[in-house]
Amino acid sequence: VSACASTSNSSTSQVICGEPRPLMCTREYMPVCATKKQLDNTLEQVTYATGCTACADPSVISYQADACE
């Protein structure tokens with residue numbers, strides 16, 4: 001649950017997803033752009049509803065505020 005508590009003051013700063021990963025997140029929409037590691041070790045930008053839902057995905061490394069472009 002600690003990953004849900006991570007906050008950032010700037011829309012350009014990255015929040016690193018820590019361990020343990022969240023098991024549950026509140027239902028809200030504050031989109032974030034997450035950096036996700038693919039099976040072939042490439043990185044992909046994916047929009048998630050919140051930082052909590054992004055960090056709940058074990059393949060997500062970090063995220064920043066706002067949806068991906």
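What percentage of the 69 residues of the protein count as buried? The value is 32%, where buried means under 20% relative accessible area, exposed means over 50%, and partly exposed lies in between, with a 1.4 Å probe and protein chains only.

Good morning. Before the details, a word on the basis of this presentation. The structure is a predicted model, in which local features need pLDDT of at least 70 and side-chain atom pairs count only at pLDDT 80 or more, while totals for chains, interfaces and linings use all residues. Residues are numbered from 1 along each chain as its sequence is written, and side-chain values use heavy atoms, with hydrogens and water left out.

Let me begin with the overall architecture. The protein has 1 helix and 4 strands, and from the N terminus on the order is β-β-β-α-β. These elements are DSSP runs numbered from the N terminus, with helices (H or I) of at least four residues and strands (E) of at least two. The protein exposes about 4600 Å², of which carbon and sulfur atoms supply 56%; accessible areas come from the Shrake-Rupley method with a 1.4 Å probe, and for residues only the protein chains shown count as cover. As for contacts, that is, heavy atoms within 4.5 Å, consider those between residues at least 6 apart in sequence: 49% of them join residues at least 24 apart.

I turn now to the sheet. The 4 strands form an open sheet in the order E1-E4-E2-E3, with antiparallel pairing. E1 and E3 stand at the edges with a single partner strand each, so one side of each has no neighbour in the sheet. Two strands are taken to pair if DSSP finds at least two bridges between them. In general, strands of a sheet pair through backbone hydrogen bonds, either parallel or antiparallel.

E2 and E3 run antiparallel and are joined by 6 bridges; here Val32 stands opposite Tyr48 in E3, and Lys37 has Leu43 in E3 as its bridge partner. The hairpin of E2 and E3 has 5 residues between the strands, and Asn41 takes a positive phi near 70° there. E2 and E4 also run antiparallel, with 5 bridges, and Lys36 stands opposite Val60 in E4. Of the 6 residues of E2, 5 are buried, so this strand is largely enclosed by the rest of the structure.

What makes up the largest nonpolar core? It has 10 residues in all: Val15, Cys17, Val32, Ala34, Val46, Tyr48, Ala54, Cys55, Val60 and Tyr63. Two or more residues come from each of strand E2 (32–37), strand E3 (43–48), helix H1 (51–56) and strand E4 (60–65). A nonpolar core is a set of buried Ala, Val, Leu, Ile, Met, Phe, Trp, Tyr and Cys residues joined through side-chain atoms within 4.5 Å. Within this core, Tyr48 deserves a separate mention. Not counting residues up to four places away in sequence, Tyr48 touches Pro31, Val32, Ala34, Lys36, Thr53, Ala54, Asp57 and Val60.

A search of the whole structure finds 3 of them, each a pair of cysteine sulfur atoms within 2.5 Å.

In the pair Cys17 and Cys55, the sulfur atoms are 2.0 Å apart, and the link is left-handed, with -75° about the S-S bond. Cys17 lies in the loop between strand E1 (15–16) and E2, and Cys55 in helix H1, so this pair ties together parts 38 residues apart in sequence. Cys17 is buried at a relative accessible area of 10%, and Cys55 is buried at 1%.

Cys25 and Cys52 have sulfur atoms 2.1 Å apart and a left-handed link with -80° about the S-S bond. This pair joins distant parts of the chain, with Cys25 in the loop between E1 and E2 and Cys52 in helix H1, 27 residues apart. Cys25 is partly exposed, with a relative accessible area of 27%, whereas Cys52 is buried at 9%.

Is the link of Cys33 and Cys68 left-handed or right-handed? It is right-handed, with 105° about the S-S bond. Cys33 lies in strand E2 and Cys68 in the segment after E4, so the pair ties together parts 35 residues apart in sequence. Cys33 is buried, with a relative accessible area of 6%.

Met24 is exposed, with a relative accessible area of 70%. Met24 and Thr53 are 29 residues apart in sequence, and their C-alpha atoms are 8.1 Å apart in space.
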